[in-house]
Amino acid sequence: MNRKFSDISIKKRFPANFWMLSGVLAFVTLLSTLILSPRLVLVLHPSYSLGDVADKNIKAPTDFFVEDAQATAQQKNAARENVLTVYDYDDALSDNLKRQINKAFSLPRAVFESPAAKKGSKQPVNRENEILALKPEFEKVLGIPVNDGAYKILENEKFSSNISGLIISILSEIMRNGVVASKDLLLKGNDRGITLKSLSDDTEKTVQNLKSFYGLDQAKTMVRIVGEPALKDLDYTLVNLIVDLTQRLIQPNITLNRSETERRRNQAESLINSTLYKIQRGEMILREGERVTPLHLLKLSALKEQTGKKQAYEKGIGTSLIIFALLTITYLIHLKYQKKILHYQNKNLFFISSVIILFLLILQLSASLAQELAPAAPMSLSPESIFYAIPLAAGAMTICQFLGFNIAFPFAIVLALISAIIFENSYALCLFFLLNGIMGAFWVQNCKERKGFIKAGLKVGLLNMALATILDIYLIDFAGFKVLWDWLFAFSGGVIAGIITAGLTPLMELSFGYTTDSSLQELANLDRPLLRRLMLEAPGTYHHSVIVGSLAEAAASEIGANPLLAKVSGYYHDIGKLKNPLYFIENQQGGKNIHNKLAPSMSCLILISHTKNGIELAKENKLGRAIQDAINQHHGTTLISFFYDKAKKLEKEDQIVNIDNFRYPGPKPQTRETALVMLADVVEAASRTLEQPTADRIQGLVQQLFNKLFTDNQLDECPLTLKDLHNIARSFNKILNGIYHHRVEYPDKPLPEEQKEKNGSTDRQPPDAIQPVHPADTDDSPSTLKRLGQS
């Protein structure tokens, strides 16, 4: 029980529309902040280039560090230079060469050492051919080419193991000392030595005596010197052969490892921390009027990098709170009490939110584009000049088209204040967008044709030029051609605002179901297909609708409602009768009434259905939500008294007729225009029953019908006042007196046949039952409106 009571209490404190409103405000706030976030960073950290003149002081908001790039670079270079060059020592190369030499010499030697060769059974010619055939394989295994002469000498020596042993001995001695491909490269820049890395076991050692290593040419020269003791007793030809083969077999076993050297140097460089110096909070980074130097740029870059994210986050929260407070206060003190907002509140709030988001996007993109275009312009052009071309006034102009100037006015204020956040709290631009937004909405409020938007845009353009001039004078900023640029962009901004408004209006009409005066002007054309069909298929209803539209239009002008909407609503309020036109008295001819053969309940259902049929036709013809509401609400929940009374007479005494079955389903009129259509509808239909429609009879009839609707509570949900009802009645009396005014009789009386033909009009036929104006309806009883419509 307590929980149920608590739920009811919460619902009373926070109704459904409260949660909807809160959700919309939160959504708009969040999305607006996200749209503005790139500009927030720009506001926090203005962008300067080398040589620019600072337009304001910039102080350190907190302690931060600035890197000394030069000192850091010096330390990193020193760290790289401290890394010794890495050379790889291939200690297995000598053994590999030894195996190659032994294997190569063993191939032809095996021919001489074979059993057949030892017994002498093999012919010398065959042996020579066999050894010669092994020459390619010998060269391949040895790894170097051997000419025929050298190969012949080796053949004569039977590829002696002494020769191969001498070659291996000399070669091993030289390789053991170390051979490099380029000794000049080794000695250059390696005064402190090198790191020699063994490939076999990854051991390393530092070698400082680099001159001890042989270069490739030096190693070849050292072959004869190293081998001299062992070769001195040999034949000169054989010595030259051994020296030549050894020289050509020499390979560098110490090679530069560039990738490893670079990796170690990069690693050493990465271990060096940046050299920093501290900028204390409150310290002046850049003074107004100073030219920006590389040091200034360094400090500004460090400030943005170290504090940008935190400050942008804090700035984003502050911006969200500002926007939320701005929207909430605007709603509470202004929008909440606007009748146009209260009617279809959710739809109107979503519409306003969509326009805010759309124009914030336009504002953000335009501001960013201006910042990019200004420096790249061939002529001297400031971003502030391009800012004047932003068509922000189109937002208020669009709102005014659908919700009126009273809603567009605070909307223009909200957009202007938010623009100040984007433009670094610029008072001048805030004032510029505020004034052109308000005046743009003011000039567009009575536009009923598409060309009116362009005219309003031209006016806004001229106003923008005047405002730009005033701001240039105020800021003392009119040097060179700046004023001309300001005029050009300001005027184009106004024209673009008018074009955007003209383009957005039909899109918003389709998206949100609004009906503007421009659309109503088109619907008011009596040559529209639907009205022509009404004229041909239901002429009585057509004539009735035209008069209802005229009555509603005149009354709307008297009470300050929308005359165009009231007139068009009157034209279309009975289009549902097209489905069954002959079931309505105004379309019946010859005095035959179809309802005489129907049960009262069936007749009632047919009459009630014309509102539902009318809504379906309105949707098919895209008449707009306002017209559909008029069709649906113009009967409210009124009682079809004729058929109700008829049903009571036909029913037996023990049966009860349910009165609700003879009432229209409603709803009751929600707007003044729909209420005017209801009043005009009943007055026009009833006025046809007056036999002698004098001014007094018409006034009494109007007062009687108004009293009936008033006491039946049909006008409870629309914003009409008693003063409005008095003015409406006076307007109806004036028009009806014009319609039914007394005519002067001509002296020549027509013949009886002509008289009968002249009175044959269905509009002048006496009704079956005339409802007189009862005195009881015009007395001073509390439930009536006294002397309604009297001057």
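Which residues in α31 meet which residues in α32? The first legend answers this. The model is predicted: local features need pLDDT of at least 70, side-chain atom pairs count only at pLDDT 80 or more, and totals for chains, interfaces and linings use all residues. Residues are numbered from 1 along each chain as its sequence is written, and side-chain values use heavy atoms, with hydrogens and water left out.

**View 1. Contact of helix α31 with helix α32.** Ala695, Ile698, Gln699, Val702, Phe706 and Phe710 in α31 meet Leu722, Leu725, Ile728, Ala729, Phe732, Asn733, Leu736 and Asn737 in α32 (contact: heavy atoms within 4.5 Å). These residues divide into eleven nonpolar, three polar and no charged (nonpolar: Ala, Val, Leu, Ile, Met, Phe, Trp, Tyr, Cys and Pro; charged: Asp, Glu, Lys and Arg; polar: the others, Gly among them). The axes of α31 (residues 695–711) and α32 (residues 722–739) come within 10 Å and cross at roughly 145°. Axes are lines fitted to C-alpha atoms, for helices over the stretch in contact, and angles run from 0 to 180 degrees between N-to-C directions. Helices (H or I, at least four residues) and strands (E, at least two) are DSSP runs, numbered from the N terminus.

**View 2. Crossing of helices α26 and α28.** Helix α26 (residues 563–572) and helix α28 (residues 625–633) have axes that come within 9 Å and cross at roughly 55°. The two are therefore oblique to each other (under 35 degrees is roughly parallel, over 145 roughly antiparallel, 65 to 115 roughly perpendicular, and the rest oblique). Their crossing is right-handed. Leu565, Val568, Ser569 and Tyr572 in α26 meet Ala626, Ile627, Ala630 and Ile631 in α28. By class, the contact has seven nonpolar, one polar and no charged residues.

**View 3. Packing of helices α4 and α9.** Helix α4 (residues 93–112) packs with helix α9 (residues 161–177) at an angle of about 170°, their axes 10 Å apart. The pair is therefore roughly antiparallel. Contact residues include Leu97, Ile101 and Phe105 of α4 and Ile163, Ile167 and Leu171 of α9. Nine nonpolar, five polar and two charged residues make up the contact of α4 with α9.

**View 4. Kink in helix α22.** A kink of about 25° lies at Leu504, shortly before the proline Pro506 (the bend is the angle between axes fitted to the seven residues ending there and the seven starting there). Just after α22, Gly513 takes a positive phi of about 75°.

**View 5. Cis peptide bond at Pro667.** Gly666 and Pro667 are joined by a cis peptide bond with omega of about 5°. Pro667 is in the loop between α29 (641–650) and α30 (672–687).

Methods. Left-handed = near helix turned anticlockwise from the far one by under 90°.
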